Amino acid sequence: MHFGGKTSNGPLSLFVDGVFRILRKHAPEVGGGGFVDDLIFWLFFLWHGVCSGLTGGCAQCIANAEVAKKRERFVDDMLDELHLERSDKDVPVGQLGIFLGVWIDSHNGRLKLTDAKWEKLLADLRMVMTWEEATPRMASKVRGKPINYSECIIMIRPFAVPFNVFIGGARTVGDWDTSTRV
Ligand SMILES: [Zn+2]
């Protein structure tokens, strides 16, 4: 979906919640989530044991993918009915895809950063090493990454702690842009 930067917070998340509420009512077998205006949908189905997945030709996974394609059409129609334009980031139904710069392998249960996101993360951390002074706002932008990517990179979450310490407790709006020595 396309939304401007200014609407990408409270009002938009309420709106997106509404979309999922409608979806749950009409197609409870479809789950989903969203980050700002990027939405992801998945099909719930019963565990059928260790299998070779879509790429390995598992008949059950193939049957599930057919159902998922039908449900995708339903979701697309629903979004059209709500006048929600879809962007060209649409990914075909499958067990492997990229969402928000993260490889999602739903067959093996793995999440992995794309090379581009990994490089950006390293570049941001290297940049932190050059800081002599920083504002809480600068620190909070980098802190979000070890937290958000903790599902993809084992043991990265504790690296958010130095940022938490630097940012400290509740502050006034002005404090967010006040520089202090790192
Ligand atoms: Zn299977």
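This is a predicted model: local features need pLDDT of at least 70, side-chain atom pairs count only at pLDDT 80 or more; totals for chains, interfaces and linings use all residues.

Reply: In helix α3, 1 of the 15 residues is buried, so the helix lies largely in the open.

Me: Where is α3, and what length does it reach from its first C-alpha to its last?

Reply: Helix α3 covers residues 115–129. From first C-alpha to last it reaches 21 Å, close to the 21 Å expected at 1.5 Å a residue.

Me: Which way do residues three or four places apart point in an α-helix?

Reply: They point the same way, because an α-helix has 3.6 residues a turn.

Me: Let us step back. How many helices and strands are there in the protein chain?

Reply: The protein chain has 5 helices and 7 strands. Along the sequence they follow the pattern α-β-β-α-β-β-β-α-β-α-α-β.

Me: What about the overall dimensions of the C-alpha trace?

Reply: Along its principal axes, the C-alpha trace of the protein chain spans about 60 × 35 × 25 Å. The radius of gyration is 20 Å, whereas a compact globule of 182 residues would have one near 16 Å.

Me: And how much of the chain is buried?

Reply: Buried residues account for 8% of the 182 residues. As for contacts between residues at least 6 apart in sequence, 50% of them join residues at least 24 apart.

Me: Which domains does the assignment give?

Reply: The domain assignment gives domain 1 (5–113) and domain 2 (115–181). The centres of domain 1 and domain 2, taken over C-alpha atoms, are separated by 30 Å. Domain 1 brings 5 residues to the contact and domain 2 brings 8 residues.

Me: Which element gives the most to the domain 1 side?

Reply: That is β5, which gives 3 residues to the side of domain 1 that touches domain 2.

Me: Then let us look at β5. Which sheet does it belong to, and in what order do the strands come?

Reply: Strand β5 belongs to an open sheet of 3 strands in the order β3-β4-β5, with antiparallel pairing. The edge strands are β3 (96–99) and β5 (110–113), each of which pairs on one side only. Neighbouring strands of this sheet are turned by 25° against each other on average, direction ignored.

Me: How many bridges join β4 to β5?

Reply: There are 4 bridges between strand β4 (residues 102–105) and β5. Within this pair, Val102 stands opposite Leu113 in β5.

Me: Changing topic: what joins β1 to β2?

Reply: Strand β1 (residues 30–35) and strand β2 (residues 38–43) run antiparallel and are joined by 6 bridges. One of the residue pairs is Gly33 with its bridge partner Ile40 in β2.

Me: And which residue takes a positive phi in that hairpin?

Reply: Val36 does, with a phi near 55°; the hairpin of β1 and β2 has 2 residues between the strands.

Me: Does Arg171 count as buried or exposed, and why?

Reply: Arg171 counts as exposed because it has 11 C-beta neighbours inside 10 Å, and the cut-off for exposed is 12 or fewer.

Me: What does Arg171 touch?

Reply: Leaving aside residues up to four places away in sequence, Arg171 touches Pro136 and Trp176. Arg171 and Pro136 are 35 residues apart along the chain, and their C-alpha atoms are separated by 9.4 Å.

Conventions
Residues are numbered from 1 along each chain as its sequence is written. The radius of gyration is taken over C-alpha atoms; the globule rule is 2.2 Å times the number of residues to the power 0.38. A residue is buried if 20 or more other C-beta atoms lie within 10 Å of its own, exposed if 12 or fewer, and partly exposed in between; C-beta atoms are placed from the backbone. Two residues are in contact if their C-beta atoms, placed from the backbone, lie within 7 Å. Two strands pair if DSSP finds at least two bridges between them. Axes are lines fitted to C-alpha atoms, for helices over the stretch in contact, and angles run from 0 to 180 degrees between N-to-C directions. The expected span of a helix is 1.5 Å times one less than its number of residues. Domain bounds come from an automatic or database domain assignment.
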